[in-house]
Each structure stands twice: as structure tokens, then as C-alpha cells.
Amino acid sequence: MTRALILGGTADASLLAAEIARAGLNAVYSYGGRTRAPADQPLPTRIGGFGGVSGLAEYIRRESITHVIDATHPFAAEMSRNVVAACAETGTPLIALERPPWSKAPGDDWIEVVNVNAAVAALPEAPTKVFLAIGRQHIAPFAMKPQHTYTLRFVDPPEAPLPFATDVIVSRGPFTLDGELKMMRTRGITWIVARNSGGDGARAKIDAARVLGLPVVMISRPELPERQRAESVAEIMQWLGHSTRLGA
């Protein structure tokens with residue numbers, strides 16, 4: 001009997017959970033634990049890490065998991081690497097639900113970099129107003145350029161003081177083009193730093209930057225081990241041996 005483990009936290013993971021619940025499949029949804037108020041899911045849910053590769057492998061065995069779907073954020077590289085290793089150790093089928101990265105379109109002004117440190121280096125020396133759309137775990141290196149005014153957006157309010165003065169927006173996506181344009185104009189944003197997460201839920205800021213003619217420092221996705229990938233919920237359901245009513 002199928003018993004799937006969804007490693008989630010993304011909008012696509014929530015769509016998958018809803019479809020799996022509608023299909024009546026036995027599955028568990030796992031949050032990594034970084035979000036203090038995660039969205040409710042229609043499946044049994046666990047929150048927190050597994051304790052590395054060995055802990056995840058032990059969980060797969062103990063819970064009789066037959067299929068694993070990695071639907072974590074494309075930049076959750078450590079988790080994704082652990083999943084590949086744990087599934088190899090236990091012989092458990094694995095697939096990643098992964099939207100393709102955004103592609104540069106006419107009118108985009110991108111500076112493509114490989115990591116956060118390179119993104120810091122790409123910002124100008126002259127003071128400017130920067131929207132850091134990269135998550136709280138990755139902002140510390142920007143303290144190296146304190147001359148800038150930074151705007152950050154988090155799902156939860158920060159629990160501890162941030163490493164530099166910031167304008168913090170607490171909001172959960174998805175975000176609209178009109179909303180992003182208003183936010184950027186109101187705050188006088190002139191530069192954006194973003195990770196190439198792909199998908200539609202976070203794309204509005206990229207479209208807004210194009211409309212406003214703003215440069216975007218775009219951080220490329222990390223390299224991950226080879227694994228089977230799918231770009232839609234429908235493909236995942238087919239992999240699990242079930243059809244879906246979703247076209248996405």
C-alpha cells in the first residue's frame with residue numbers, strides 16, 4: 001500500500017497535499033520548522049527536522065514510507081541532498097516537484113550571481129534602496145554594505161534583532177503585480193536581490209522590476225544531486241499511480 005512522505009513548505013506542495021487528500025491516498029506532510037505558523041494541510045502533518053540523513057532514513061523505515069516527494073524550496077539544498085541520500089539508503093522511490101527557474105525576458109535587467117556573497121558584491125557602493133527578497137536565513141552578509149536602505153519581507157515577524165537596520169514587511173504570498181509595484185514605489189526601491197525560485201507565487205516582484213526598469217541581482221539555484229523531477233502536481237499523481245483533475 002502506498003504511503004507517501006511530502007517534504008513541503010511551498011505553494012506547489014500545498015496543491016499536491018490537497019490533491020493527494022482528495023484521492024484518498026495515505027500520506028504525511030512534513031514542514032521543515034522554519035515557519036512558526038505554517039499553513040494548515042489536509043493531511044497528517046509533522047513539523048521539524050529529521051536529524052540528517054540517518055534520521056530521515058530511520059523515519060522512512062519506521063513509518064513504512066513507500067514514496068518520497070521533495071517539494072521543498074529550490075534553495076533548501078541541504079534538505080534535498082539529505083533526501084537523495086536517505087532514499088538511496090532505504091531504496092525508496094524519490095521524485096522532486098520543482099518548477100522550472102525563471103528565464104530572463106525582454107526588458108529584464110538581471111545581474112546573475114552564484115550565491116549570496118556574490119549578490120552583496122554586485123550591489124553598488126553608492127547608497128541605494130534595496131529590496132532583499134531572499135529569506136531571513138541569508139541576510140547577514142548584507143551587513144557588509146550598511147550604506148544601503150534595506151527592505152525585507154518575512155512570513156513571520158523576526159524573533160531576534162536583525163544584523164542591520166531594515167524596513168520589515170510581514171506578509172504571506174502569493175503577491176500581485178499591482179501590489180509589488182505599489183510596495184516598490186512607496187519605498188523608493190531601486191535595486192532588488194532575489195533567488196531564482198521559479199513558479200508563479202513569487203514572480204510578481206520580477207515582473208514589477210521589469211515594469212519599473214530596476215536591476216535585479218538574481219541568485220542562481222544551487223547544484224543538487226541527480227534525481228527524478230516533475231514540474232506539476234499532475235505528473236506527481238501519475239508517478240503515484242493516480243490521475244488528477246488538476247492541470248497544473
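What share of the contacts in the protein with a separation of 6 or more comes from residues 24 or more positions apart? In this predicted model, the figure works out at 65%. The secondary structure behind that fold comes to seven helices and 12 strands. With a radius of gyration of 19 Å, close to the 18 Å that the globule rule gives for 248 residues, the protein is as compact as a globular protein of that length. Boxed along the principal axes, the C-alpha atoms take up roughly 60 × 35 × 30 Å.

The start of the chain makes a handy close-up. M1 belongs to the segment before β1, the strand that covers 3-7. The residue counts as exposed because its relative accessible area is 84%, against a cut-off of over 50%. Even so, M1 does have partners: leaving aside residues up to four places away in sequence, M1 touches N26 and T66. T190 is another matter, with 189 residues of sequence between its position and that of M1. In space, the C-alpha atoms of M1 and T190 are 54 Å apart.

Key:
Residues are numbered from 1 along each chain as its sequence is written. This is a predicted model: local features need pLDDT of at least 70, side-chain atom pairs count only at pLDDT 80 or more; totals for chains, interfaces and linings use all residues. Side-chain values use heavy atoms; hydrogens and water are left out. Helices (H or I, at least four residues) and strands (E, at least two) are DSSP runs, numbered from the N terminus. The radius of gyration is taken over C-alpha atoms; the globule rule is 2.2 Å times the number of residues to the power 0.38. Contact means heavy atoms within 4.5 Å. Buried means under 20% relative accessible area, exposed over 50%, partly exposed in between (1.4 Å probe, protein chains only).
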